[in-house]
Each structure stands twice: as structure tokens, then as C-alpha cells.
Amino acid sequence: MPITSYLVHPHEGKKTELTQVLLQLEQCEVIPAENKDILILVTDTDNKNQEALLKEKIEAISSLKLLAMVSGFNTPKNLS
């Protein structure tokens, strides 16, 4: 299960719009930065293919200026 975090930079004046679009994506959690005009995005998908498809969807959002991955890792499906 890939879990990836990103810094998300919206186009000027588009932070709220971008937040709303990202919140509509099922595998995304969005946290607005308090001191900057950026968002923190955490994605949680079932596999690398789903993660790649989700990233493509995110990159196609018109209010997105820049998407920068901070970290990413895979977790095993069954933690015992």
C-alpha cells in the first residue's frame, strides 16, 4: 500500500479551489499550511499502479501549479 506525501503549490488565489478538488479524491487527505500558501497532501492507495493513476489525476488539476513529492513508501497489506 503506497503512502505518499506531497507539497502542493496552487496557482495564485486558487488555494481554496485546489483544496476542494483534492478533497473530492477518495484516496487523498489535505492539510493546509498555516504560514504559507501551500497544501500538504497525503495519498494512500492499494498499489503502485493506483498511485500512478492518482498522481496523473492530481497533475491534471488546473489550479495546481506544482506538486513536489516529500516522501513515499510501501506498507505491507497484512500487518501482523
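Q: What joins E2 to E3, and through how many residues?
A: A hairpin does, through 6 residues. This is a predicted model, where local features need pLDDT of at least 70, side-chain atom pairs count only at pLDDT 80 or more, and totals for chains, interfaces and linings use all residues. Residues are numbered from 1 along each chain as its sequence is written, and side-chain values use heavy atoms, with hydrogens and water left out.

Q: What makes E2 and E3 a pair?
A: Two strands pair if DSSP finds at least two bridges between them. Strand E2 (residues 28-32) and E3 have 5 bridges, in the antiparallel sense, so by that definition they pair. Valine 30, for one, has leucine 41 in E3 as its bridge partner.

Q: Which strand do 6 bridges join to E3?
A: Strand E1 (residues 2-10), running antiparallel to E3. Here tyrosine 6 has leucine 41 as its bridge partner in E3.

Q: Which residues form the covered face of E3?
A: In strand E3 (residues 39-44), Leu39, Leu41 and Thr43 are covered, while Ile40, Val42 and Asp44 make up the uncovered face. In a regular strand the side chains alternate between the two faces of the sheet.

Q: How is the chain's pattern written along the sequence?
A: It reads β-α-β-β-α-β, where helices (H or I, at least four residues) and strands (E, at least two) are DSSP runs, numbered from the N terminus.

Key:
Buried < 20%, exposed > 50% of the residue type's maximum accessible area, 1.4 Å probe, protein only.
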